[in-house]
Amino acid sequence: MLHKLNLIQYSDLIKIARTHDCGCVYPLSVAEGIQEGDIFTKSVDDLKTILFWTQSGFAYLSGDIDESFLEDIYEIMMDRNRTHKKRFILMSKNQYIDSYFMTKQDVCIEKRYLFEYQGDTINNDISLPSGYELKEIDNELLTNISGSIVPSLFWKDVNDFLKKGKGYCICRGDDVAAWAFSAAVSTEEIDIGIETNPRYQQQGLGMIVAKRMIQYTFEQFKHPVWACHYKNIASAKMAEKLGFVKVSQCSVIKKDN
């Protein structure tokens, strides 16, 4: 049974979170106390084997991973008693971890591409089509955003997002056509979540709103982060057009639904 840390202990693990090889913005967002999440250790006395589990369900392991630790992780992932309110999606570059889960028939292993932005500026030449307007996401607009990549998936609640996060959207009348927002925030980076309403795709709206979010990231003296599922070709192409370069990939390990 893993040991769940108290919030006051989270800051002790900032240094470990900062070195995670699947991208550190998500574990750091929890360790730094910016976003909601849970941190578990192997035992009360062992602070070297760590599970960072974010509000979005993304999970990261650090330290000396052994089979008994992975057995506990596997039970959390399966959630047989349905006690967890959030999903569990493990990010890994560790071959030992991958090999362990490959033996589980009820586990799915896929890939996630990780990108880095080249440079410290963005060409923010924004030219909206006629009838469209770029707006900062507020409480009212949040209620009109509906999709699979939305702030509510990554943040505790509306107030938490509006206080600690940021987002922009492109509207046409009362419709929210595209949006980009801070999916994860650390003192160093911002991971950008982005989606376009299916009714408004193929118009370049995603590029426009993503540029504004990248500009905001630089205004905060932070680095933009981009990652996507390996089958999300549109997201990967957009990242490259924006100035990101694919630098690596990691395994995405989750319960096979």
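Predicted model: local features only at pLDDT ≥ 70, side-chain atom pairs only at ≥ 80, totals over all residues.
Asp-38 is found in strand S2, which covers residues 37-43. With a relative accessible area of 17%, Asp-38 counts as buried, because the limit for that term is under 20%. The side chain of Asp-38 is joined to that of Lys-4 by a polar contact of 3.3 Å.

Helix H3 is formed by residues 67-78, 12 residues in all, and its span from the first C-alpha to the last is 16 Å, close to the 16 Å expected at 1.5 Å a residue. Within H3, the buried residues include Phe-69, Leu-70, Ile-73 and Tyr-74, and Ile-76, Met-77 and Met-78 towards the end of the helix are buried as well. Just after H3 comes Asp-79, which takes a positive phi of about 45 degrees.

A disulfide is a covalent bond between the sulfur atoms of two cysteines. When a disulfide is taken as a pair of cysteine sulfur atoms within 2.5 Å, the count for the model comes to 0. Cys-171 is in no disulfide, and the nearest cysteine sulfur, which belongs to Cys-169, lies 3.7 Å away. Cys-171 is buried, with a relative accessible area of 3%. For Cys-228, the closest cysteine sulfur is that of Cys-250, and because the distance is 11 Å, the two are too far apart for a bond. Cys-228 is likewise buried, its relative accessible area being 3%.

Terms used. Residues numbered from 1 in each chain as written. Heavy atoms only, no water. Helix = DSSP H or I, 4+ residues; strand = E, 2+ residues; numbered from the N terminus. Buried < 20%, exposed > 50% of the residue type's maximum accessible area, 1.4 Å probe, protein only. Polar contact = N/O pair within 3.5 Å; in protein donor to acceptor, adjacent residues only side chain to side chain. Expected span 1.5 Å × (residues − 1).
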